[in-house]
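Please consult the sequence and the structure shown here.

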Amino acid sequence: MSRVVALAGRPNTGKTTLFNALTGLRQRAANFAGCTVEKATGTMLVSGGEVEIVDLPGTFSMLPQTEDEQVSFRFLSECAETPDDLLVLCVVEASNLENDLVLPVGLKAAGYPVAVAVNMIDESRLNGIRLDASELSGRLGMAVALVSARTGEGLKKLEAVLSPRALRADLSESLDFRRATKKRLHELQDDAVAAAQRAAAASVTWPRHSMLPTVSRSIRIDRILLHPLAGPLILAATMFLLFQALFVGAQPIMNFLSDQIGALAVLLRAQLPEGAVASLLCDGAIPGISAVVVFVPQIAILFTMIGFLEQSGYLPRAGAMVDRSLRPFGLDGRVFIPFLSSFACAIPGVMAARTIPSEKRRIVTILLSPLMTCSARIPVYTLLITAFVPATFHPLGFNGQGVVMAAMYAFGIVMALLLALAMKYTALHEQHPSPATVLPPYRVPSARELARYVWARCWHFLSRAGQVIFTLSLVLWALAAFPRDAARLAPIEAELAVVLSSPAPDPGAERVLRGRLAAAHIEGSALGRAGRFIEPVFRPLGWDWRVSVASLSALAAREVFVGTLGTIYALGGESNAEDGLISALQGAKNENGTRRYTLATAASLLVFFAIALQCISTIVTVRRETGSWKIPALQFSFLFSLAYALAFASYRLTLFFS
Amino acid sequence: MTLDTVAMDVPVRVLGYAGLDAHDKERLAGLGLRPGVSLVKILKTPLRDPIECLVGSQLLAIEARLLSQIRVEAA
């Protein structure tokens, strides 16, 4: 039998801060069974015994409405069926006791053992609120501890409440929320509201002034931050900073990490004899590690900013400001940050959807976030636009290539909004999950709490998604490396041997031959054969086997498309590989002398890359966030089908008009 | 009277709901917007919807469409 303490309470009561303060870094995250709702668990030692702490999703009342709220009640009922010793620790706030006490009173009436932690007691003192803990404990008939999770005040006393007990509380008569009728829950709620009001009135002494200082200060700040003119400008500046931090702040660190890991591969290659082991380490394992690690700076920077905005109280206000404009599409203000983050990379965008409390809305956001133009698409767009949109194209006097690039960004947003609109007519649509949102008082974020929050997000990515991304990178390497077609490679290797054996080897000839060798190698590999095999599938889009192989390899990361095409066109060794590739694509001819790639091919590729979920890392992250392969499989197949259909349409239309 | 007819910064007391569906009613009650609670409309967000209100001792952003369905009296 183990002691389980379930932290319950309304959102914004500091429940997660208390969870962090109690468990420190002894935490792990998983999902509650069968849903996308995150279950954070941790352990703490109390009186020599280990106690498991579970941070339940925020719950507003005894009438669960969203999946998150239902999960909390379901968890309690499931716990009641196990031999575990359960205690529900309800976290409440002294300034909002009337509302916050409804849950502990209702749960106690439903037969569960409950204790109360009155959090943010330091803030309550500053507000001039006086709370009589013994009076409250007597009225509620449960243990009450006054704490401040941020400063650590009162946590020792709270430990006494959490101590493992010799005898398990009798839960045989507790209400099974999974089977409870709506009527019974309404009765519990109504009785709990009345009892909570009586208990709050008897134990809290309010200051003489009518409004709490923290509230009046927040209203003063809101008059600036939500001002009709200044508000949007401040929001735009904040989002601009966030966007800049993701691109400008993370990029140098990503480049540094990438360079260092790349240098390690070069160093290792020089030490190892040429062969499969060297290739496995230098072309498979090390790039696989790189593919995981390079995302960490973006995730860390994004969640530092999100955590700061969330803890300061600005995030719900930012959501409220854009809420109105997103409602016609079946979305709300909370999707704003995930969508914006996805412009840097879909992975932090998908992870940022955790801040959305409604499960259906969260899934819709996760499904649509990859449509935002991430930074990995930029090299692909740049290559195709530079190669196929004429530099002489100047619509309305603007640079035509720049216009097409901007149009690709707009295309992603429009597609996401159109699909959101379409999803309004599916089971994924949920009427505005909450017609009202709590705007918590503005607070100065705690550096320690912020560091814990960022660490938890980074660690979850590295430990969960990272393993799969690494494994899949190895699989892709193996497909590109094997089998080795000796007959195809032998003549080039012989030529290379001649060049290398000469007294003064010609570096230019060596580079060309190594490029041809790499091209021949990939052509004969499983990936190259797969490209030829699937060529008929993509032929209607104007793609040949080379583009098909490059698109397959782009599953590792979209930008790999450029590198693979470079390898196929034997440009691997050239210093100006991208310029060379542009010329190679422009000049490539079919056997009958016609151009192999045209503007129509580029149009179909651009549209395909704008929509298709060509990124294993994102797919794995979606699986991690949703707890099953069902959503990413649905997302991949739907976006692939849509991308294929629209790429085909754009190919045919461009052919027709050009 | 209903909340949409009340001017900004005028304190009122919530009497009940008129025509709200069960989902919205339960959600608002869960948030603390229940009969008997004091309420002040503070400001309109830049797109004029939602409206920031002080409900009891907490600030809520409430969708504008709901205001005509919340019955109030002068406090």
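What pLDDT does chain A average? Chain A averages 86, and 95% of its residues score at least 70; pLDDT is the predictor's confidence in each residue, from 0 to 100.

## Basis and confidence

This is a predicted model, in which local features need pLDDT of at least 70, side-chain atom pairs count only at pLDDT 80 or more, and totals for chains, interfaces and linings use all residues. Residues are numbered from 1 along each chain as its sequence is written, while chains are lettered from A and ligands numbered from 1 in the order in which they are written.

Within chain A, confidence is lowest in strand S2 (residues 27–31), with a mean of 63, and highest in helix H26 (residues 599–611), at 96. Helices (H or I, at least four residues) and strands (E, at least two) are DSSP runs, numbered from the N terminus. Over residues 571–577 of chain A, pLDDT stays under 50. Where pLDDT is low, the predicted coordinates should not be read in detail.

## Contact between chains A and B

In chain B, 29 residues are in contact with 32 residues of chain A (C-beta atoms, placed from the backbone, within 7 Å). H1(B) gives the most to this side of chain B, with seven residues.

Strand S10 (residues 436–439) of chain A pairs with S4(B) in the antiparallel sense over four bridges; pairing requires at least two DSSP bridges. Thr437(A) stands opposite Ala61(B) in S4(B).

Helix H27 (residues 616–626) and helix H28 (residues 630–657) of chain A pack at an angle of about 140°, with axes 7 Å apart. The contact includes Ile619(A) of H27(A) and Phe636(A) of H28(A).

Technical notes:
Axes fitted to C-alpha atoms, helices over the stretch in contact; angles between N-to-C directions. Contact = placed C-beta atoms within 7 Å.
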